[in-house]
Amino acid sequence: MGFKLLPIEWVTTNYVELLSDNTSTPLLRWFLNSLVISVSHTLLVLTVVSLSAFAYSRLEFKGKKMLFSFLMGTMMFPAVVNLIPLYKIIDTLDWVNSPLAMIVPGAASVFNIFLVRQFMSNIPIEFDEAARIDGANDFQIFSKIILPLIKPVLLVVSLFAFTGSWNDFLWPSIVFSDIEKMPITPGLQLLQGMYQSQPTLLMAGAFVAIVPTFVLYLFAQKYFLESMSLSSGVKG
Amino acid sequence: MKAVTGVNKLTKKTSSINITPWLFIGPHLLIFLIFFLVPIGFGIYISFTEWDLISQPDFVGLANYKEILFNHDSIFYEQFQTGLKNTFLFVLFAVPFCILVPLFLATALHAKPKFWKIFQSLFYMPSLFAISAVVIIWKLMFDVTYGPINHLFQLNTLWLRNQPYAWVSLVIVTVWWTIGGNMVIYQAALNGIPKDYYEAADIDGASGMQKFLKITLPSMKSQILYTVVLTTISQFNVYGQPLMLTGGGPTNSTRVLLMNIQQNAFGSGQSIAGIASAMAIILGVCIMAVASLQFFFLRDKK
Amino acid sequence: MKKMSRLLLILGTLGLVVSLFAGCGNSTKKTGAGGSKNEITFWNPFTGPDGKNMQAMIDAYNKTNPEYKIKNVSLKETDMYTKIPTVVNSKKNIPDVTIVHAERLKQYKDNHMLTAYDDYLSDYPKMTGENYVTEAWNIGNIENKRYSIPLDIHTFGLYYNKDLVEKYLPNALDDQIVTFDEIKEVGEKAQKENIASLGVSWVKPNYLSLYAQNGGELSKDGTTPTLDNAAGKKTYKLWNNYVKEGYTTKDGEDATQLFLTGKVVFLPEGIWMQNQIKQSKINWGLTNAPQLSADLSQAVNWSSSHQFVLFNSKERNKAKTKGVIDFIDWVRDHSMEWAKSGQNPASLSILENEEYKKMPQAIFLLDPEEQKTLKIFDYKYNGYVSEYLEAHGVDTIFGTESIDDSLVNMQKEVTDKIAKDKTNNE
């Protein structure tokens, strides 16, 4: 037997098998669920992250440094044993089997704030000062000056947030029990047998699963590679 | 309308007690508090108990920490020692490549060679796969009998069952899987460097290498700091690759700490969550220590 | 004015996020996580092809218009076992009935997680020991209470390549038992042609089956492990020796792949692997796992069993519990579909089915003497033993880890882990 990476035969038969079964593996449904979850999660992350990164990078307030170090520090603890308390919180909020259980908790991450803050630190503080002299307040500086400048990195953040929530599989299988409500990644795991190893079917599924993230990437790369020219930011 | 005037009053006050920053960080802090701080607090509490996940946790004080750190006869001491050692080794082997390879690729792509867009997509694609798919692909690649790697190089290497090949395999898979993330960050950073810096250097007759070292790298400093710290943290959390590729073997040499933590907490036997939690906390402290060192050496010394 | 509009924009975004919280929160309440009243939530670890067979059974049952319909929730095995303590801990959304592996029962029972069936069984005259495979039925009886009812008993047997057996040792299968001596005999002839007599497959069942044949027990009193002993040494030594002599597949080789391409004569594997074996072009058969003795009464075949259990739940009232047992009782009489997945149903009524009798795995059930060879390793801490064997078994068989070290450390690891279990002190 020679080695074949992608024999045409299995590709077609596996996709047919994947797409034809609608009751136990509602692929389209999972796909839509994932889309709703990942898009909402990304929007939430963008809002929360850009706001906080601005404050941690450019505003002065008491305990700023300490607070940020504290946030970063706690983020370094592996979250293995937190599964049960986190589930209890989700349960108390009545979010079991709700997409919210996947949309909100991930937005607690500090890493994206750190990333955006690092990018902001490259923008000269003079920009803010000039605007402040013109009478702009913090919200205006944030929305008019900084936001347009950090668009490329926000696209990177969107990409990470979207892919991260799209690929998560342990957490969704803990919080969802309804097959119809599952997102696609844990859904696809149901195709893989308990004992039978079917690498071919799983690979077919894996390729289906990356289509939206890949499309998002293709769309995003056009923009985040656009040069973020600092001078145009000042004019605008 | 009432709400708006209310808010307006609020901002007027800000100048005196400065609550504006808190409005900016408030939404994140709230989510962080509920969905991260509370659970991690519970995790820390659990590390001081004996718990099987089901009944009430029994408070045992520092017993778990003592057992893991000082009781040489205990299996958990041994688990922790080998697990932590292997985790550090993995971080040491993998992180440099996880930084340098994407940095090299991003720089190469930035010069916009032919077909760069296609290459860029190809380099990015692996990071979109879930880990289980990554492992399936590479298990095939490393197969002794049918694997294309041995076939291509006319080798007979048992990649996943011998050292140092097992480490080499794990690093290759990890780098392949994670190129995309750091590459994208570097690309965004490279695009942020004003063109006139280079034009000025051109006038001075600087070579390509000089430009890279004198202009490119310093301009990307904050992003490189970010990626170094973040890559280190995420590689400390390595789990899926050794679990599914080497199974921790040969003879436990790639058994990383997170595999032991996971098995103690959610293994096939009765859960030993107290010990697992204590191990996780100590691992967290180690990560913090390493990350702080990196901050110290890489921060902008102005 | 501009100031205000910016502020509005930001607050608007925040408001949107907040309303998203609230909105979705409400909609969840309506759909309710507990499921509708006349529905039984059924968790099981059957995914892939097995999952389809289970779904077909559930569909057939629901078509009989039972008072309570079954809602199938198939979960990936590892995820299900992580989810169980999480959900039981929160006391809500507990499944009405769950399939778990037999090895987990004692643990769950000792943690007071299970509801017994005893109060209900008098209404089901056929749900008794004589209608099930004994080994699978007895496992659910703990301290004189019935905590589980078996779905199947799945055995780790031996696949063989008929053509190669014909070539090297034509009479090896006359008695349906392939002894280790016969494997050795085949090995000596086959290795000259670069064919492995024995595939080194999943170590755990291979080890445990031979360990039991050597007279080994995992524990004498049910709690303290007895793992470092002569039986263990004999077991590893035999495998070790076969590796050294070149009768087996080599370290790192994928024994199943090699078997499927006709490079291995004997492959010990589970009956559940049939679907994969069927896809190859080789001429294969299925029989007892390798044995030391050709005497069937001495034979041991490692087995496990999927069992229906009821995790304690306030939401499951008497009527619903009866609904659950109605379903299990129906499965007892309609398990042909499950046999199609390659498994052996635990209900003996399957033996009357002509189609089943022709299936390869039927060998383990047809003869009552065969049924006695099936052994479930139900030591309460079997999970810790498995974890150790999974991590060190391959290394020990291939000699990268010494047998003595491996056994001493297994005894130590299991003992240390057990010391953390409070349920022993009660």
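The exercises below concern the chains and interfaces of a predicted model.

**Exercise 1. Describe the interface of chain A and chain B by its residues, buried area and polar pairs.**

Solution. 
- Step 1. Begin with the residues in contact: chain A contributes 74 residues and chain B contributes 79 residues.
- Step 2. Turn to area. The size of an interface is often expressed as the accessible area lost when the parts come together. For chain A and chain B the buried area is about 6,700 Å², and carbon and sulfur atoms give 80% of that area.
- Step 3. Examine the charged and polar pairs.
- Step 4. Assign the chain A side to its elements. Those giving two or more residues include helix H2 (27-58), helix H8 (138-149), helix H9 (151-167) and helix H12 (199-224) of chain A. H12(A) gives the most, with twelve residues.
- Step 5. Sort the side of chain A that touches chain B by class: 55 residues are nonpolar, 15 are polar and four are charged.

**Exercise 2. Characterise the interface of chain B and chain C in terms of area, salt bridges and polar contacts.**

Solution. 
- Step 1. Chain B supplies 41 residues to the contact and chain C supplies 37 residues.
- Step 2. About 3,500 Å² is buried between chain B and chain C, with 56% coming from carbon and sulfur atoms. On the chain B side, B:Ile54, B:Arg161 and B:Gln270 lose the most area to chain C; together they account for 20% of what that side buries.
- Step 3. Four salt bridges are counted between chain B and chain C. B:Glu67 forms a salt bridge with C:Lys420, where the closest N and O atoms are 2.7 Å apart. That distance can be set against the cut-off for a salt bridge, within 4 Å.
- Step 4. The rule also finds twelve residue pairs in polar contact across this interface, both residues being at pLDDT 80 or more.
- Step 5. Elements of chain B that each supply at least two residues to the side touching chain C are helix H1 (2-17), helix H3 (63-70), H4 and helix H13 (257-266). By class, that side has 16 nonpolar, 16 polar and nine charged residues.

**Exercise 3. Is B:Asn86 buried or exposed, and which residues does B:Asn86 touch?**

Solution. 
- Step 1. Locate the residue: B:Asn86 belongs to helix H4 (residues 75-110) of chain B.
- Step 2. Apply the accessibility criterion. B:Asn86 counts as buried because its relative accessibility is 2%, and buried means under 20%.
- Step 3. List its contacts. With residues up to four places away in sequence not counted, B:Asn86 touches B:Trp167, B:Asn252, B:Ser253, B:Thr254, B:Arg255 and B:Val256.
- Step 4. Inspect the polar atoms. A polar atom of the B:Asn86 side chain lies 3.4 Å from the backbone oxygen of B:Ser253.

**Exercise 4. Where in chain A is the confidence lowest, and where is it highest?**

Solution. 
- Step 1. Go to the elements. Helix H13 (residues 230-235) of chain A has the lowest confidence, with a mean of 36, whereas helix H5 (residues 100-103) of chain A has the highest, at 94.

Note on methods
Residues numbered from 1 in each chain as written. Chains lettered and ligands numbered in written order. Predicted model: local features only at pLDDT ≥ 70, side-chain atom pairs only at ≥ 80, totals over all residues. Heavy atoms only, no water. Contact = heavy atoms within 4.5 Å. Buried area = accessible area lost by both parts, 1.4 Å probe. Polar contact = N/O pair within 3.5 Å; in protein donor to acceptor, adjacent residues only side chain to side chain. Helix = DSSP H or I, 4+ residues; strand = E, 2+ residues; numbered from the N terminus. Nonpolar A, V, L, I, M, F, W, Y, C, P; charged D, E, K, R; others polar. Buried < 20%, exposed > 50% of the residue type's maximum accessible area, 1.4 Å probe, protein only. pLDDT = per-residue confidence, 0-100. Salt bridge = Lys/Arg side-chain N within 4 Å of Asp/Glu carboxyl O.
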